[in-house]
Structures are given as structure tokens and as C-alpha cells.
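Have a look at the picture first, then read on.

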Amino acid sequence: MAKGKDVRVTVILECTDCVRNSVNKVSTGISRYITQKNRHNTPNRLELKKFCPYCYKHTIHGEIKK
């Protein structure tokens with residue numbers, strides 16, 4: 001069995017507000033979450049609304065490259 005063609009892949013979600021504002025003056029970093037997605041059901045980039053501890057609110061977290 002080939003390991004490279006897995007249906008479930010691990011993806012990293014990053015806060016779009018922190019990246020867009022090039023990290024606020026008060027914040028100390030960028031919020032990231034690790035999750036899995038099904039490659040067949042969602043072939044395009046994943047976007048979820050998650051809580052960002054640096055922005056102190058729920059923001060859209062988008063999939064980034066590893």
C-alpha cells in the first residue's frame with residue numbers, strides 16, 4: 001500500500017486577521033490549529049471559524065502549506 005495517496009490528510013489552519021495585520025502590536029504571535037480533512041470531499045483549501053487567543057475573538061482560520 002502506498003502512503004502518499006491517503007484520503008485523510010493533516011492540515012494547519014492559521015488566523016487570517018493576525019497575518020493580514022502583520023501581528024498586532026499587542027499580540028505575541030499567530031494562532032494556528034492542526035486538524036484533518038478528507039481530500040476527496042474538500043479538494044480546495046479549508047476555512048473554519050475558530051477562536052484566536054491573540055485577537056481575543058472568533059476569526060476565520062485558513063489552510064496553509066506545510
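## A lysine on an edge strand

Lys37 sits in strand E2. Strands here are DSSP runs of E with at least two residues, helices are runs of H or I with at least four, and both are numbered from the N terminus. Before going further, keep in mind that this is a predicted model, where local features need pLDDT of at least 70, side-chain atom pairs count only at pLDDT 80 or more, and totals for chains, interfaces and linings use all residues. Residues are numbered from 1 along each chain as its sequence is written, and side-chain values use heavy atoms, with hydrogens and water left out.

Is Lys37 buried or exposed? Lys37 is buried, with a relative accessible area of 8%. The cut-offs are simple: buried means under 20% relative accessible area, exposed means over 50%, and partly exposed is in between (1.4 Å probe, protein chains only).

So what does the side chain of Lys37 meet? It makes a polar contact with the side chain of Glu63, at 3.1 Å. A polar atom of the Lys37 side chain also lies 3.3 Å from the backbone oxygen of Thr42. A polar contact here is a pair of N or O atoms within 3.5 Å; within protein, one must be able to donate a hydrogen and the other to accept it, and residues adjacent in sequence count only if both atoms are side-chain atoms.

If you leave aside the neighbours within four places in sequence, Lys37 is in contact with residues including Val7, Val9, Val11, Pro43, Leu46 and Glu63. Contact means heavy atoms within 4.5 Å.

## The sheet around it

Now zoom out. The chain has 1 helix and 4 strands, and from the N terminus on they run β-α-β-β-β. The 4 strands form an open sheet in the order E2-E1-E4-E3, with antiparallel pairing. E2 (32–38) and E3 (47–52) are the edge strands, each pairing on one side only. From one strand to the next, the twist averages 45 degrees; axes are lines fitted to C-alpha atoms (for helices over the stretch in contact), and angles run from 0 to 180 degrees between N-to-C directions.

Here is how the strands pair up. Two strands count as paired if DSSP finds at least two bridges between them.

| Strand pair | Bridges and direction |
|---|---|
| E1 (8–15) and E2 | 7 bridges, antiparallel |
| E1 and E4 (57–64) | 4 bridges, antiparallel |
| E3 and E4 | 6 bridges, antiparallel |

You can follow single residues across the sheet. Ile12 has Ile34 as its bridge partner in E2, and Ile12 also stands opposite Ile64 in E4. Leu13 has Tyr33 as its bridge partner in E2 and Glu63 in E4. That Glu63 is the residue whose side chain makes the polar contact with Lys37.

## A histidine and a tyrosine

His61 belongs to strand E4. A polar atom of its side chain lies 3.2 Å from the backbone oxygen of Thr59. Beyond its neighbours within four places in sequence, His61 is in contact with residues including Leu13, Cys15, Tyr33, Leu48, Phe51 and Cys52.

Tyr56 tells another story. It lies in the loop between E3 and E4, a hairpin with 4 residues between the strands. Tyr56 has a positive phi of about 60 degrees although it is not a glycine. With a relative accessible area of 68%, Tyr56 is exposed.

## The whole chain

Finally, some totals. Buried residues make up 27% of the 66 residues in the chain. Among contacts between residues at least 6 apart in sequence, 50% join residues at least 24 apart. The accessible surface comes to about 5200 Å², of which 52% belongs to carbon and sulfur atoms; such areas come from the Shrake-Rupley method with a 1.4 Å probe, and for residues only the protein chains shown count as cover.
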